[in-house]
Number of protein chains: 2
Amino acid sequence: MSNSSYAALVASFTRLYRYQHLAAMVGWDQAAMMPTKGNEARGAAMAELQVLMHRTLTDPTLKTLLKEAETEATDNATRASLREMKRVWQQANLLPERLVEASSLAGSRCEHGWRTQRAANDWTGFLQNFRPVVECAREKAQRLAEASGLAPYDALLEQFEPGMHSTQLTHIFGEVKSWLPGLIREVMDKQAGEVTLSPDGPFPVAAQRALGLEIMGLLGFDFDAGRLDISLHPFCGGVAEDVRITTRYREDDFMQSMMGIVHETGHACYEQHLPRDLVHLPVGQARSMGIHESQSLAFEMQLGRSPAFLELITPLVKKHLGDQVALDSANLARLYSRVKPGLIRVDADELTYPAHIILRFEIEAALIAGEIEAEDIPALWDEKMQVALGLDTRGNYRDGCLQDIHWTDGSFGYFPSYTLGAMYAAQYFATLRRDTPELETHIRTGNLAPVTGWLDSHIWRQGSLLETPALILQASGEALNPAYLRAHLEQRYLADSQ
Amino acid sequence: MSNSSYAALVASFTRLYRYQHLAAMVGWDQAAMMPTKGNEARGAAMAELQVLMHRTLTDPTLKTLLKEAETEATDNATRASLREMKRVWQQANLLPERLVEASSLAGSRCEHGWRTQRAANDWTGFLQNFRPVVECAREKAQRLAEASGLAPYDALLEQFEPGMHSTQLTHIFGEVKSWLPGLIREVMDKQAGEVTLSPDGPFPVAAQRALGLEIMGLLGFDFDAGRLDISLHPFCGGVAEDVRITTRYREDDFMQSMMGIVHETGHACYEQHLPRDLVHLPVGQARSMGIHESQSLAFEMQLGRSPAFLELITPLVKKHLGDQVALDSANLARLYSRVKPGLIRVDADELTYPAHIILRFEIEAALIAGEIEAEDIPALWDEKMQVALGLDTRGNYRDGCLQDIHWTDGSFGYFPSYTLGAMYAAQYFATLRRDTPELETHIRTGNLAPVTGWLDSHIWRQGSLLETPALILQASGEALNPAYLRAHLEQRYLADSQ
């Protein structure tokens with residue numbers, strides 16, 4: 001009986017996985033390939049698919065099957081699988097189909113409009129599409145909160161980082177706010193006397209792409225199971241069997257794109273190494289968005305911006321972009337660790353990045369709680385940006401609150417994942433460094449196996465078999481400890497050896 | 001009551017259209033973008049979607065709704081809409097879900113394997129994947145035949161060219177076989193003394209693509225509602241709101257790709273001009289594959305290879321590919337009307353093309369009728385190719401029966417559409433020429449509006465409001481008349497002015 005209940009669940013969740021495959025692919029296409037006039041039909045098709053996935057999860061037989069299978073599960077793997085099925089099932093069953101469809105349509109419309117509104121600095125136009133997105137998100141948060149006993153914002157957070165609540169985040173981020181501004185100042189003072197050379201472009205897109213592909217290969221990306229393309233907002237999409245990463249190129253600056261590719265490749269390698277025999281079930285999928293970001297940031301921040309890695313790839317950089325002194329590895333390392341407060345999150349350096357996240361966390365938490373309205377965002381953004389990084393964004397929506405894609409489709413609760421990811425990544429590398437003598441030498445000489453092997457065995461192939469705290473404990477021997485991020489930043493940005 | 005029954009049908013068929021959108025997009029992606037290892041998951045997702053579309057159409061309420069709506073429909077447009085809904089509904093309801101899923105999976109596997117097996121000339125490997133495809137197709141034909149009273153092959157034909165049967169095709173094609181070999185010989189004799197210059201490559205892919213895009217623009221392709229990409233087998237996919245055409249480039253020969261793009265643009269313009277307010281319903285979609293091919297062939301054969309059009313685009317050709325005498329329009333016209341029997345259908349000239357189609361029609365009709373088995377195809381192919389074009393294909397599967405994609409996914413009954421399309425296209429242009437003084441002058445001077453305007457009003461915006469015979473009658477004043485194709489060929493290939 002247990003077998004057949006569980007088997008029936010597996011059949012339903014496998015079907016769901018196939019629908020998710022379709023959603024992931026047309027979603028990638030929408031961002032990377034689709035021409036403008038295709039958007040309305042695409043939005044309708046995607047909303048229809050959302051409704052279908054929602055229906056699959058709200059089929060009343062699932063409730064009985066889950067109960068039966070839970071009583072009769074004997075092994076840990078099945079229990080973990082059921083736990084993750086139930087998490088997905090619960091989220092869906094708390095939301096009415098009407099809301100799911102309305103959210104998808106509102107998100108699709110808002111995101112599509114944003115693509116041109118951002119460039120046009122058109123906050124008023126955006127606001128019109130954004131209000132329904134906020135409304136849907138609040139209703140969703142309310143419904144999820146009522147059932148779970150969580151606060152509304154925490155109920156949204158739960159979708160991206162299960163088990164993480166805003167009290168813990170406020171505590172962690174509050175701590176960061178206590179030392180970050182001081183550290184930024186100290187580093188900027190130290191770097192004031194440093195000489196860096198600016199690479200002299202233009203760097204043709206084709207050459208940047210070729211360089212990016214070569215670095216992806218070095219990092220272990222499987223090109224028979226994925227692609228690199230272009231989109232306005234870089235992301236990692238697709239499915240585990242076929243991972244699609246994107247970047248955007250500027251011919252006057254290759255550095256953002258190159259390191260962006262390293263970042264997305266971190267996401268991609270996680271997906272490509274999820275346990276293949278379980279990937280069609282929730283338990284075989286990525287643990288959370290925080291853990292996902294910990295992979296991209298392990299690649300980008302811990303590995304990618306390290307002097308050893310930059311030394312390794314410098315010959316490739318010069319091969320594709322031409323030889324010039326500014327492309328020497330020591331200069332690249334200085335450029336990639338240069339700290340300068342700026343308006344744009346995705347362009348931010350490692351050190352000021354958490355300030356961007358904390359600002360967004362505070363605003364979105366207030367928005368979902370109903371403490372502010374959508375129209376209050378720009379003023380609050382200006383105020384917080386002034387305090388955090390001393391920057392003025394008044395009237396500059398494009399480089400202010402219109403810069404990110406996340407809110408356009410209602411992904412409130414996602415942003416904290418970035419800084420949680422940075423913390424996890426720092427914690428992994430502290431462990432990895434402790435356990436691997438001469439890690440830097442391995443990296444410098446092109447042996448990345450100690451890094452990817454560690455991530456593979458401790459994170460990638462774990463899928464969602466463990467919950468986040470247990471996963472981190474098993475990987476590093478202790479619970480999430482933000483002190484590792486601070487130590488990493490102090491080491492990289494203040495130690496004399498750098 | 002009628003209103004509400006019809007409205008309920010519209011809702012169901014709109015949902016179906018959205019599922020078709022997903023299928024079209026992931027299908028295009030599979031051919032144009034997907035990396036190899038993505039195929040298994042893609043195949044599973046596509047099969048799941050096929051099952052879903054089938055379920056949508058086999059929902060038992062549709063039967064009642066169709067009956068109610070039919071009794072109460074008062075206007076012609078609604079009656080036409082119901083006629084087309086019923087056609088789609090009937091096709092689906094005669095097939096069990098198991099067969100729909102098995103066909104999709106077998107087709108996906110066979111097509112994917114074919115991509116490498118063709119290159120490797122691996123008939124034996126192909127045969128293994130192909131046998132289940134044939135089995136599914138035969139069962140499908142049998143089931144559709146039993147219900148409709150048609151012969152099994154005719155029941156498949158009905159999917160691509162409703163109303164066309166193999167007796168009529170055998171008659172039409174038999175007639176073509178009576179004059180085609182003689183005409184081919186006569187033209188080859190006439191061309192034997194002709195001097196043509198071979199364009200001297202290489203022609204970089206980027207330049208060919210830029211040329212192709214410019215010609216698409218000239219032909220009226222809307223780039224905000226479609227794209228041009230690369231695939232192994234060129235096709236027109238996507239949806240009416242977002243049409244995706246593909247080509248393949250050879251740097252030593254731009255001619256195939258350039259005219260291939262003109263061909264696919266014909267398909268694309270049809271899709272882009274379907275009646276937008278009806279395109280989510282069967283009545284607003286393309287009439288048939290024969291009519292679809294008549295659009296691509298109107299563009300490629302009637303317009304594209306005409307001396308007037310080649311004169312118009314010669315400056316573009318020279319702009320992108322460089323100036324050389326071989327690119328003069330008179331030489332291009334000679335090259336594009338050069339007749340030379342060859343092994344490959346897609347590379348065939350206009351005159352020998354019907355021979356390729358008739359051969360495939362005869363083989364697939366015999367295969368579905370059970371007169372031959374899959375393993376008999378190569379020998380029969382050799383024999384017929386010898387008779388039709390005097391060519392030996394023994395042991396050369398790659399350029400023989402493995403050359404086309406159509407059979408790999410079980411699309412038996414499609415091939416006749418090409419030659420029917422050529423006949424319709426010749427008939428349109430005979431009408432168009434009769435009604436438009438100085439048509440050639442318009443074309444030569446870049447005014448393509450008489451052509452596209454005629455196609456738009458007579459074919460494109462008609463969708464499926466009329467059945468094929470009525471559509472052709474309304475457009476040209478008479479029923480399908482193959483004599484126009486013969487006259488066109490004799491005029492183009494034998495008249496002295498050419």
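Helices here are DSSP runs of H or I with at least four residues, numbered from the N terminus. The model is predicted. This briefing covers backbone features in chains A and B.

**Cis peptide bonds**

- Most peptide bonds are trans.
- In chain A, the bond from A:Gly201 to A:Pro202 is cis. Its omega is near 0°.
- A:Pro202 sits in a loop of chain A.
- In chain B, the bond from B:Gly201 to B:Pro202 is cis. Here omega is near 5°.

**Positive phi angles**

- Most residues other than glycine have a negative phi.
- A:Glu438 is not a glycine, yet its phi is positive, near 60°.
- B:Glu438 is not a glycine either, and its phi is positive at about 60°.

**Where the two glutamates sit**

- A:Glu438 belongs to the loop between helix 16 (416-435) and helix 17 (439-444) of chain A.
- B:Glu438 is in the loop between helix 16 (416-435) and helix 17 (439-444) of chain B.

**Buried or exposed?**

- Exposed means over 50% relative accessible area.
- A:Glu438 has a relative accessible area of 57%, so A:Glu438 is exposed.
- B:Glu438 has 56% relative accessibility, so B:Glu438 also counts as exposed.

How values were computed. Residues are numbered from 1 along each chain as its sequence is written. Chains are lettered from A and ligands numbered from 1 in the order in which they are written. This is a predicted model: local features need pLDDT of at least 70, side-chain atom pairs count only at pLDDT 80 or more; totals for chains, interfaces and linings use all residues. Side-chain values use heavy atoms; hydrogens and water are left out. Buried means under 20% relative accessible area, exposed over 50%, partly exposed in between (1.4 Å probe, protein chains only).
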